[in-house]
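Have the model open and follow along.

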Amino acid sequence: MSAETPRRIVLLRHAKAEWSQQSDHERPLAERGRKEAPVAGRRLADSGIDFDLALCSTATRTRETWKLAVHEFAQRPRTVYEERLYEASVGELIALFGEIPDDVRTVLVIGHNPGMHGVADVLAGQAEGDALTRMTRDGFSTAAYAVIDFQGPWKSLEPGVGKIAEYWAPNARV
């Protein structure tokens, strides 16, 4: 693939989790989250995006979100459960994306806030329509996703090189 290969990152925040006595890493989805995750999955499946790879945090709520969302897909992408996604900073996320193999064009990342919102905001040099405005207003709610496009190798990913092609959130204001 050439240096100008189009790439796509889809950042999916986990669905609504319960507040429990368990450690934060082990918090399960709430009833609302078990309803949100398949809706997000159906929306992603209907988008026509073909995912080469899914990177999912090892936290219980992200794994449950992915399990419910991926059932809506016609084909399950290769999935890697990545511990570094849990509590990752924006810089750590960008570094992790830089490790993605060059044969991957489109990656789905199932993670957490503030990282998902932060990295979407930092990578976005521009946006389609009002996608950035809506993402900022909604605060990257649970089960929301942002689609970010950029050109070039994964190692070239840096602040401002991306374009938010879409932002979607369940129950978002229009």
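Start with β1, a mostly covered strand: six of its eight residues are buried, where buried means under 20% relative accessible area, exposed over 50% and partly exposed in between, using a 1.4 Å probe and protein chains only. Strands here are DSSP runs of E with at least two residues, helices are runs of H or I with at least four, and both are numbered from the N terminus. Keep in mind that this is a predicted model, so local features need pLDDT of at least 70 and side-chain atom pairs count only at pLDDT 80 or more, while totals for chains, interfaces and linings use all residues. Residues are numbered from 1 along each chain as its sequence is written, and side-chain values use heavy atoms, with hydrogens and water left out.

What sits on either side of β1? Strands pair if DSSP finds at least two bridges between them. β1 runs antiparallel to β6, joined by seven bridges, and parallel to β4, joined by six. V10 shows both: it stands opposite V147 in β6 and opposite L108 in β4.

Now zoom out. The open sheet has seven strands in the order β3-β2-β4-β1-β6-β7-β5, with mixed pairing. Its edge strands, β3 (78-82) and β5 (124-127), each pair on one side only. Over at β3, the partner is β2 (residues 53-57), parallel over five bridges, and C56 stands opposite Y81.

Finally, the helices. Helix α1 (residues 31-46) lies across β1, β4, β6 and β7, at about 125 degrees to β7; angles run from 0 to 180 degrees between N-to-C directions, with axes fitted to C-alpha atoms, for helices over the stretch in contact. Helix α4 (residues 115-123) also packs on the sheet, touching β1, β4, β5, β6 and β7, with contact meaning heavy atoms within 4.5 Å.
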